[in-house]
Amino acid sequence: MSERQLSYREAVTEAIADEMRRDPRVFLMGEDVGEHGGAFGASRGLYQEFGAERVRNTPISESVIAGAGLGAALTGMRPIVEIMYLDFMAMAMDSIVNQAAKVKYMFGGHAVVPLTIRTAYGAGRGNAAQHSQSLESWFLAVPGLSVVMPSTPCDAKGLLKAAVRNDNPVICVEHKLLYNETGPVPVGDYIVPLGKAVVRRPGKDVTLVATSRMCSLAAPAIEKLAQEGIDVEFIDPRTIKPLDMETIRASVRKTHRAVVVNEGPRTGGFTSELSARIMDDCFDELDAPVKRVAAEDVPIPYNRNLELEVIPAEKDILAAVRAVMK
Amino acid sequence: MTEMLDNETLLGNYRLMLKIRFHEEAIKKLYLEGRIWGTTHLCIGQEAAAAGVVAQLRRDDYITSTHRGHGHMLAKGGNLKPMLAEILGKATGYCKGKGGSMHIASMELGNLGANGIVSGGLPIAVGAALSAKLRGTDQIVVALFSDGATSEGNTHESMNLAALWNLPVFFVCENNRYAVSTCCADSIAGGNLVKRAAGYGIAGASVDGNDLEAVYLAARAAIGHVRGGQGPYFLECATFRIEGHYVGDAMLYRSRTETDEWRKRDPILHVEHLLLDRGILSREDCEGMRAEIEEEVRGAVQYAESSPEPGPAAIYEDLFTDGAAS
């Protein structure tokens with residue numbers, strides 16, 4: 001399959017357009033997704049191609065956006081709904097957590113919920129405490145939901161297409177700082193399966209698991225560590241729920257050391273869950289405690305220096321890897 | 001002169017209302033005898049609203065129901081046996097015993113679910129209506145809720161969006177005067193729900209919810225309005241919750257006199273009077289019909305009690321739909 005360079009944003013847009021062309025049941029709904037093309041430009045051109053019936057601009061009503069997505073999914077459609085910022089999911093939590101996640105189970109299996117919820121997240125843009133959060137770990141505690149966090153344009157497209165074709169609610173969490181990043185994206189139809197991690201770089205000394213934009217921080221850190229003689233095996237889980245523990249376990253059994261990196265707060269975050277699971281499954285294999293790199297347990301501050309201090313940086317990854325190698 | 005219901009319709013609704021009443025009384029008895037696990041909410045006194053609105057829908061129309069939803073389900077064509085089996089948590093229940101009283105649903109009958117969250121069904125109703133519109137059908141959706149739900153944001157987001165998009169949603173508020181212990185006088189600012197709906201440009205009316213004929217005729221007009229593409233409609237059925245919020249509620253928050261006054265306005269006795277006055281049934285016919293339906297309910301209780309419990313394997317079943325969509 002031939003490739004070309006696309007931005008993460010363009011990859012998302014292309015995934016939505018592909019799926020809408022392929023399946024008339026797919027439609028997009030959310031705040032400012034119409035002529036405006038979405039707050040982060042991820043639906044640019046879709047309104048022009050598909051019209052107002054299938055690219056639906058909503059009022060600022062997150063609960064009904066998510067809940068109406070569920071109602072449409074239950075009755076034969078395959079909606080993609082956009083919640084502009086992950087922070088705004090707080091306004092839609094009943095529809096997502098009490099309804100979409102559990103109707104199938106509560107109804108004894110007699111429901112099919114092909115609902116995709118897209119959202120943008122993350123700090124590093126001076127958006128302050130209510131527009132910068134990494135709340136993805138909330139959904140880890142809700143059985144019935146799947147959560148993907150693509151780190152590359154190729155995965156952004158492939159995971160979103162897989163989500164749309166999945167018959168269950170899937171939350172696609174896209175990092176705001178990745179939208180302008182470019183990378184190779186295959187031409188033509190492909191999906192990246194949910195629940196499959198990828199080993200970005202094989203190594204023998206330490207397993208580094210990083211999610212979404214944290215992968216961009218990890219890559220240069222890994223090169224520096226290689227110069228110090230530390231050979232890092234780098235895993236991008238791509239889907240944080242369900243989690244591909246098989247790939248992670250296989251790596252830890254080889255390296256006997258692990259560092260896990262996620263932009264969310266340290267307490268109750270994805271790193272808490274992943275480090276616990278590594279210790280559950282691989283305790284006897286570990287030569288050092290699992291190290292976590294996560295945000296400080298504070299709201300994201302506005303000031304640039306403070307914000308950058310609160311969220312993980314390359315230096316934190318370097319320090320964590322060096323610590324487990326001691 | 002006000003229009004009267006034809007004999008057949010009146011008789012059919014009488015039978016349905018008796019079925020709902022005896023179903024609820026059977027549950028109350030089972031509960032008080034300690035034969036039901038968990039909690040259950042009875043709709044005794046509200047049978048006219050359930051029957052008058054829901055029974056005249058088409059099978060392919062949808063409803064979203066409430067935690068006090070047994071009557072809605074029976075009116076939508078629900079069968080007593082899987083109803084009672086579900087309430088007893090049995091494997092033969094509508095939800096295989098995993099939903100219980102508050103989550104009875106049937107995709108085949110178009111019941112998108114009773115709901116443990118009082119306004120949780122409204123966004124789902126809006127989405128199902130959007131789906132009907134996008135699929136080009138003339139299906140409608142009845143969103144059932146009560147006075148308690150009218151103070152939640154979901155209700156307002158849902159009415160706003162349904163009106164904005166001219167969706168076929170029939171909003172039906174069974175105002176039974178009490179949200180748990182709080183009287184509607186202490187929770188509804190302005191005191192007039194029809195005016196609230198009018199604020200969203202939604203046509204509406206308020207009827208005596210204990211008068212089957214009034215409910216049926218108002219609902220018939222509303223269904224015509226909604227199915228005819230004139231947008232959503234709001235109907236308030238003014239009624240009363242004769243029982244407590246749950247079985248065993250001591251009801252310290254309201255006077256016995258108030259309940260006694262409403263007991264005199266029992267919706268079933270009201271229909272019975274009409275049937276007798278109009279010479280459709282004799283007293284003996286009524287007694288015969290009551291005995292017949294009581295027997296039917298007894299048989300269903302027996303079925304439910306003798307049904308198997310779900311086995312432990314059921315714990316991990318029905319959470320996800322396997323495989324990708326076609």
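What percentage of the contacts in chain B with a separation of 6 or more is accounted for by residues 24 or more positions apart? In this predicted model, the value for chain B is 75%. For chain A, residues 24 or more positions apart account for 80% of the contacts with a separation of 6 or more.

The overall dimensions of each chain were computed from the C-alpha trace. The trace of chain A spans about 60 × 45 × 40 Å along its principal axes, and that of chain B spans about 60 × 50 × 40 Å. A compact globule of 326 residues would have a radius of gyration near 20 Å, and the 19 Å of chain A therefore agrees with that expectation. In chain A, 58% of the 326 residues are buried; in chain B, 51% of the 326 residues count as buried. The secondary structure of chain A comprises 12 helices and 14 strands, while chain B contains 11 helices and 7 strands.

Chain A is divided by the domain assignment into domain 1 (3-186) and domain 2 (198-325). The C-alpha centres of these two domains of chain A are 26 Å apart. Contact between them involves 25 residues of domain 1 of chain A and 23 residues of domain 2 of chain A. On the side of domain 1 that touches domain 2, at least two residues are supplied by each of α6 (137-140), β6 (146-148) and α7 (153-165) of chain A. The composition of that side of domain 1 is 13 nonpolar, 10 polar and 2 charged residues.

Within chain A, strand β5 (residues 116-121) is mostly covered, with 6 of its 6 residues buried. A:T116, A:R118 and A:A120 point one way from β5(A), whereas A:I117, A:T119 and A:Y121 point the other way; all are buried. β5(A) is paired in the parallel sense with strand β4 (residues 78-85) of chain A over 5 bridges. In this pairing, A:I117 of β5(A) stands opposite A:V81. A further parallel pairing, over 6 bridges, joins β5(A) to strand β7 (residues 170-175) of chain A. There, A:E174 in β7(A) is the bridge partner of A:A120.

The contact between the chains takes 39 residues from chain A and 38 residues from chain B. On the side of chain A that touches chain B, the elements giving two or more residues are α3 (62-74), α4 (93-100) and α5 (103-106) of chain A. α3(A) provides the largest share of that side, with 9 residues. By residue class, the side of chain A that touches chain B divides into 16 nonpolar, 17 polar and 6 charged residues.

Nonpolar side chains tend to be buried together in soluble globular proteins. The largest nonpolar core in the model has 199 residues, and those with the most contacts inside it are A:L208, A:A218, B:V126, B:V142, B:V169, B:F170 and B:V215. Because domain 1 (3-186) and domain 2 (198-325) of chain A both give residues to this core, it lies between them. When neighbours within four places in sequence are left aside, the contacts of B:F170 are B:I140, B:V141, B:V142, B:A222, B:I223, B:V226, B:P232 and B:Y233.

Several backbone features were also identified. Most residues other than glycine have a negative phi, and most peptide bonds are trans. The peptide bond from A:K241 to A:P242 is cis, with omega near -5 degrees. A:P242 is located in the loop between β12 (239-241) and α9 (245-255) of chain A. A:D32, a residue other than glycine, has a positive phi near 60 degrees. A:D32 is in the loop between β2 (26-31) and α2 (46-54) of chain A, and counts as partly exposed because 16 C-beta neighbours lie inside 10 Å. In chain B, a positive phi near 75 degrees is found at B:R177, also a residue other than glycine. B:R177 lies in the loop between β3 (169-175) and β4 (178-179) of chain B. With 17 C-beta neighbours inside 10 Å, B:R177 counts as partly exposed.

Definitions and conventions: Residues are numbered from 1 along each chain as its sequence is written. Chains are lettered from A and ligands numbered from 1 in the order in which they are written. This is a predicted model: local features need pLDDT of at least 70, side-chain atom pairs count only at pLDDT 80 or more; totals for chains, interfaces and linings use all residues. A residue is buried if 20 or more other C-beta atoms lie within 10 Å of its own, exposed if 12 or fewer, and partly exposed in between; C-beta atoms are placed from the backbone. Helices (H or I, at least four residues) and strands (E, at least two) are DSSP runs, numbered from the N terminus. Two strands pair if DSSP finds at least two bridges between them. Two residues are in contact if their C-beta atoms, placed from the backbone, lie within 7 Å. Ala, Val, Leu, Ile, Met, Phe, Trp, Tyr, Cys and Pro count as nonpolar, Asp, Glu, Lys and Arg as charged, and the others, Gly among them, as polar. Domain bounds come from an automatic or database domain assignment. A nonpolar core is a set of buried Ala, Val, Leu, Ile, Met, Phe, Trp, Tyr and Cys residues joined through C-beta atoms within 7 Å. The radius of gyration is taken over C-alpha atoms; the globule rule is 2.2 Å times the number of residues to the power 0.38.
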